[in-house]
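Hi there,

Here is the structure I promised to pass on to you. Have a look at it first, and then read on for what turned up in it.

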Amino acid sequence: MNESFRNAPFFLGDTELTWVNTTYSELTLEQKVGQLFNLIVRANSAEELSLIDTIEPGAVTKFVGQDLDTEVKMMNQLRSHSVIPLLVSGDLEGGGMSFPFGAQVPNQLGLAGLKDESAVEYCTQVIAQEAKLLGINWSFTPVVDINAKFRSAVVGTRSYGSDVDVIETMSRSNITTFQKNGIAATAKHWPGEGFDDRDQHLVTTVNPLTMSEWEERYGRLYRSAIDNNVMSIMSAHIALPEYVKAHEDNPAEWWRPASVSKLLNEQLLRGELGFNGLIVSDATVMAGLSSWTKRENVVAEIIENGCDMLLFCKDPVEDYAYMLKAVREGRVSETRLEQSVMRILAMKAALGLHEKQEEISSSKFNDLLASDYANRIPELNRRTVHLVKNRDDILPINLERHQRVLVVSTGIRHVFSPIPAPLSVANMLKNEGFEVTEFQTGMALNVKEYDLLLYLNADESMLVKSHIYIDWMVLHGGFGNAMYRPWVDIPTVMVSFGHPYLLYDAPKVPVYINAYSPLLEVQKAVVEGLLGRLSFNSNAAIDPFCGLEQLRY
């Protein structure tokens with residue numbers, strides 16, 4: 001019996017420990033190997049259910065679609081196809097990752113600007129209540145990365161900003177609230193993203209800090225999460241060369257991704273920081289890992305070098321075969337297999353999954369929606385909108401001075417959707433009596449016909465985007481227009497419903513607003529603010545001026 005599971009972060013009693021040991025002893029080798037996998041479930045298909053039957057994974061990650069009844073049916077099917085109870089994970093980050101039929105919760109960066117720990121607790125409680133009723137029991141949050149490089153599209157709106165004090169306070173509230181509600185929290189992305197402006201989806205990124213600098217920032221954040229009993233940590237495809245150099249003479253190894261680094265997972269995270277929870281890899285299909293070595297090696301090294309669970313597969317059946325072969329050949333040791341599977345089972349027991357689970361039902365979720373469980377969310381969304389600058393007192397706008405409005409927008413862009421979705425701001429202004437024209441490629445950019453120009457950008461953190469920037473040629477619809485800046489001729493307002501650093505590409509725009517998210521309530525708040533009916537937030541958790549004095553004026 002593994003007595004260490006009586007302690008943090010799982011705190012198992014006799015009943016739970018007995019279940020863990022009994023369950024482990026009854027598993028076949030094939031079933032133990034299956035427990036190491038966290039499979040993606042997106043299509044709600046018979047093919048995906050067949051994979052559950054074949055591999056018997058320890059976990060699935062559920063991407064929730066638009067229809068509640070479909071999601072409920074699929075979750076009950078997933079459970080019925082699983083002999084051992086499933087961990088069901090999701091990126092419960094709020095913002096654009098909110099459940100389509102649930103409360104539209106602010107993202108981490110928007111919340112951080114409120115400097116209000118109780119707001120994080122409230123929003124996390126809302127997400128947790130919804131997630132539990134959908135059968136989700138494992139959140140891949142909080143993101144404890146630091147917005148140090150403003151060009152990083154992958155950190156952007158997902159983190160609690162750049163102030164370590166704020167990140168620590170907010171992440172502790174996130175962890176405590178999720179786990180109080182029976183959902184395991186996950187601190188990510190180990191050993192710390194944000195000082196490399198590249199994206200680990202595309203390349204192995206590097207945490208370049210000295211170890212004293214790392215300890216002041218990420219060491220502090222991860223120690224805090226561990227002290228707060230976080231149940232899991234996500235090991236990412238990020239190198240920490242200054243630590244590895246002290247223990248490894250081979251320069252090629254200095255840039256090894258943490259997800260396959262025994263030094264970073266076992267020596268630093270477990271040994272020095274004392275973490276005894278579950279280490280899950282980041283998605284193993286990312287180029288930050290897949291560019292490191294052949295797939296067969298990747299699959300084995302994930303577990304042998306310290307992760308307990310492999311997240312997402314290139315080909316699930318093939319990856320399972322690779323893992324089983326590696327175990328049989330000793331490239332994944334019996335010790336590591338046992339450690340990993342026991343931790344996976346321990347986390348399931350800590351979440352109460354060893355007990356009979358209630359059936360997921362649409363009616364329970366609808367009852368929740370009918371209650372006042374999320375009544376503060378609209379108000380919190382309104383409070384997140386940050387007025388960064390208002391040169392020449394252009395705001396508030398009104399019908400007397402700004403009757404004719406030209407809206408130039410990229411729409412809401414999402415990595416999983418090739419077609420941008422429209423924002424609602426133009427229609428909201430029309431309903432207020434403004435004459436609104438929405439710019440289309442091919443139109444003449446003749447600002448003499450208008451009284452106000454409104455730029456609307458909506459890029460939340462974009463995976464595989466590398467960098468987010470204003471593409472003036474696309475925005476203005478052509479080469480010549482790309483070099484024209486209309487604010488010299490017309491009052492101009494720029495709003496970012498996502499990435500908060502667009503001033504870098506438009507330093508002289510007279511009015512700039514960071515709204516952090518394109519949620520409908522946020523769009524409403526922006527319109528209210530433009531009209532002077534709402535007091536904008538004056539704080540931020542990041543520097544929207546990117547450290548450049550030029551952008552302030």
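Let's start with K115, which counts as partly exposed because its relative accessibility is 43%, between the 20% limit for buried and the 50% limit for exposed. Please keep in mind throughout that this is a predicted model. K115 sits in the loop between α5 (108-112) and α6. Its phi is near 50°, which is a positive value in a residue other than glycine.

S466 is another residue to look up. Although S466 is not a glycine, its phi is positive, at about 70°. You will find S466 in the loop between β15 (452-459) and α18 (472-476), and with 23% relative accessibility it counts as partly exposed.

Next, the helices. Helix α6 covers residues 117-133 and helix α15 covers residues 362-370; their axes come within 9 Å and cross at roughly 160°. Angles over 145 degrees count as roughly antiparallel, so that is how α6 and α15 run relative to each other. Their crossing is left-handed. On the α6 side the contact is made by Q129, E130 and L133, and on the α15 side by K364, F365 and L368. Sorted by class, that contact has three nonpolar, one polar and two charged residues.

Now for the inside of the protein. Which residues touch the most other members of the largest nonpolar core? They are F37, W138 and W190, in a core of 156 residues. If you leave aside neighbours within four places in sequence, the contacts of F37 include I55, P57, M309, L310 and Y320. There is also a second, separate core of 32 residues, with V385, A515, V522 and L534 among them.

Two peptide bonds deserve a look as well. The one from T141 to P142 is cis, with omega near 10°, and P142 belongs to the loop between β4 (138-139) and α7 (164-180). The bond joining K188 and H189 is also cis, with omega about 10°. H189 is in strand β5, residues 186-190.

Finally, is M483 buried or exposed? M483 is exposed, because its relative accessible area is 59% and the limit for exposed is over 50%. This residue lies in the loop between α19 (479-482) and β16 (492-496). From M483 to G433 is 50 residues in sequence and 32 Å in space, C-alpha to C-alpha.

Technical notes: Residues are numbered from 1 along each chain as its sequence is written. This is a predicted model: local features need pLDDT of at least 70, side-chain atom pairs count only at pLDDT 80 or more; totals for chains, interfaces and linings use all residues. Side-chain values use heavy atoms; hydrogens and water are left out. Axes are lines fitted to C-alpha atoms, for helices over the stretch in contact, and angles run from 0 to 180 degrees between N-to-C directions. Helices (H or I, at least four residues) and strands (E, at least two) are DSSP runs, numbered from the N terminus. Angles under 35 degrees count as roughly parallel, over 145 as roughly antiparallel, 65 to 115 as roughly perpendicular and the rest as oblique. A crossing is left-handed if the near helix is turned anticlockwise from the far one by less than a right angle, and right-handed if clockwise. Contact means heavy atoms within 4.5 Å. Ala, Val, Leu, Ile, Met, Phe, Trp, Tyr, Cys and Pro count as nonpolar, Asp, Glu, Lys and Arg as charged, and the others, Gly among them, as polar. Buried means under 20% relative accessible area, exposed over 50%, partly exposed in between (1.4 Å probe, protein chains only). A nonpolar core is a set of buried Ala, Val, Leu, Ile, Met, Phe, Trp, Tyr and Cys residues joined through side-chain atoms within 4.5 Å.
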